[in-house]
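Dear colleague,

I am passing on the structure we spoke about, followed by notes on what was found in it. Please read the notes with the model open beside them.

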Amino acid sequence: MVFSSVTFLIFFLPIALLLNFTARKITTKNAILLILSLIFYAWGEPVYVFLMMGSILINYLFGISIAQITKVKIKKIVLGSAILLNLSVLFFFKYLGWAIELILPLLSKISFTPTIPEIILPIGISFYTFQIISYIVDVYRNPALCQKKLLNLGLYISFFPQLIAGPIVRYNEICDYIKERKFELDTFVGGVERFIIGLGKKTLLANTFAFYADSVLNLNFSEYTSPYAWCAMLAYSLQIYFDFSGYSDMAIGLGKMFGFKFPENFNFPYAAKSITEFWRRWHISLSSWFREYLYIPLGGNRRGNVRTYFNIFLVFLATGIWHGAATNFLFWGLGHGLLRMVEKFLSGTNIAQKLSSTSYKPLTFALNIFKRIYTLSAIILLWIFFRNSMSDSIKIILKMAGINYTQFTDSPIEIIDSFNLSFIYSEKAIFPFLIGIFLTFPWWRVFSQKIQNLKNSNFWASNLITIAKYTSLIIILILCISSLASNAYNPFIYFRF
């Protein structure tokens, strides 16, 4: 089950809210939310819900053990065992088949060709595995964080708003809300608003861009030209942003409805002026997790430049592999890592320091323009590898460069089906593209601030703005439900992670 479905919006969510508000005691509320979360997960994973329940129980015992053990060596052994077990489960379901594929050429030389098992990936296992590991490590660092109630830990691990696609929430960020939370009308209303905005981003924007991108990139390479390839990758770049940030908005909004506060996960990542800044803005909870539980434990930047570059390499290697068991994800992660290392090296040079400290406005303006063009171009080109296989990615890049080879086209001369692809340049396509680009960057914040200032200074304007705001939200909700009810195109990229 996903948030952008009629089943969730019409049935599951109203029932969940009703049961939550009917219960009085916090223990009862937590029990209801845990049961609902397991039902939510079992809706799409009727078998693997038992895997999650087993993970909850085993890691509950690990947490208790780590908190009670006083000998440092034994505590480290238990911690290592817990991390190894959780990563082993993740490896089995997500990476075993890929690992066998990689070593098949070597095994074939000794006349041993094992059968690659068909293992179905449990939904959200990458997200809740990282949450479990963060809990275990945090308990090791601070035993007072140990949750002695199985019910409460189970709710933290399986809570349905952030179960499928994050944000990755650390236990110390919501432990107080699990123990005690109060209903506040403003918070609840804010949660509803945030959820509707996220639903609109996912249903009305991301799904539209997905249609444009897939309509081109799923064709044979001989059926579209370079401009169509660029438009398709622009559409995909907008799709993945609104798809994932929309889902995060819905998760944060749902959290508020039930009395929880989740961390923000996106901060206009395409407005970044470097890949380094991009990762401070994109999937913030994942970046923070890798920094806290991998980069810093490895030594961070405290052990010299060589070790720092090596640590960055490992972090982005892990980032790519985390997203998927395929070579293209590995390349995508390493591509970001390489650019991150180059930026770090250049930032330490004399030229970079002089440019960054210059007060000459035309030069500063030109430098900022260059940084934005470089960053956006790098992001879009690397998204190609995120979406497609390695071979297809290279072909698409060649296609975008206007290079055509008979090796990957049906004929030396391209044949364009302009009738089927003309919709990309139509008026219907331009409008969502303009809206998407406008909302991707923080330009609208200036407009929003002016509206807020007007609202605070004028009584009648305040009422009109409030009416317009909630009318717009109702219209967005109606349009989203209508779109979902009509079985419109509704893919979800991060559902498979």
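What is the volume of the largest pocket? The largest pocket has a volume of about 1700 Å³, where a volume is the space filled by probe spheres set on grid points that are joined across faces, edges and corners. A pocket here is an open set of points on a 1 Å grid over the protein atoms alone, where a 1.4 Å probe fits, with protein on both sides within 12 Å along at least five of seven lines, and lining residues have an atom within 4 Å of a point.

Please keep in mind that this is a predicted model, in which local features need pLDDT of at least 70 and side-chain atom pairs count only at pLDDT 80 or more, whereas totals for chains, interfaces and linings use all residues. Residues are numbered from 1 along each chain as its sequence is written, and side-chain values use heavy atoms, with hydrogens and water left out.

The lining of the largest pocket consists of 38 residues, and those nearest its centre are Ile 197, Leu 439, Trp 444, Leu 473 and Ile 476. Two or more lining residues come from each of helix H9 (185–217), H10, helix H19 (427–440), helix H20 (444–457) and helix H21 (459–485), with H9 giving the most, 9 residues. Helices are DSSP runs (H or I, at least four residues), numbered from the N terminus.

Turning to charged pairs, the structure holds 9 salt bridges, each being a side-chain nitrogen of Lys or Arg within 4 Å of a carboxyl oxygen of Asp or Glu. One of them joins Lys 469 and Glu 193 at 3.2 Å, N to O, and this pair links helix H21 to helix H9 across 276 residues of sequence. Lys 469 counts as partly exposed because its relative accessibility is 34%, while Glu 193 counts as buried because its value is 14% (buried means under 20% relative accessible area, exposed over 50%, and partly exposed in between, with a 1.4 Å probe and protein chains only).

Arg 194 and Asp 249 also meet in a salt bridge, at 2.9 Å, N to O, which connects helix H9 with helix H10 over a separation of 55 residues.

With best regards
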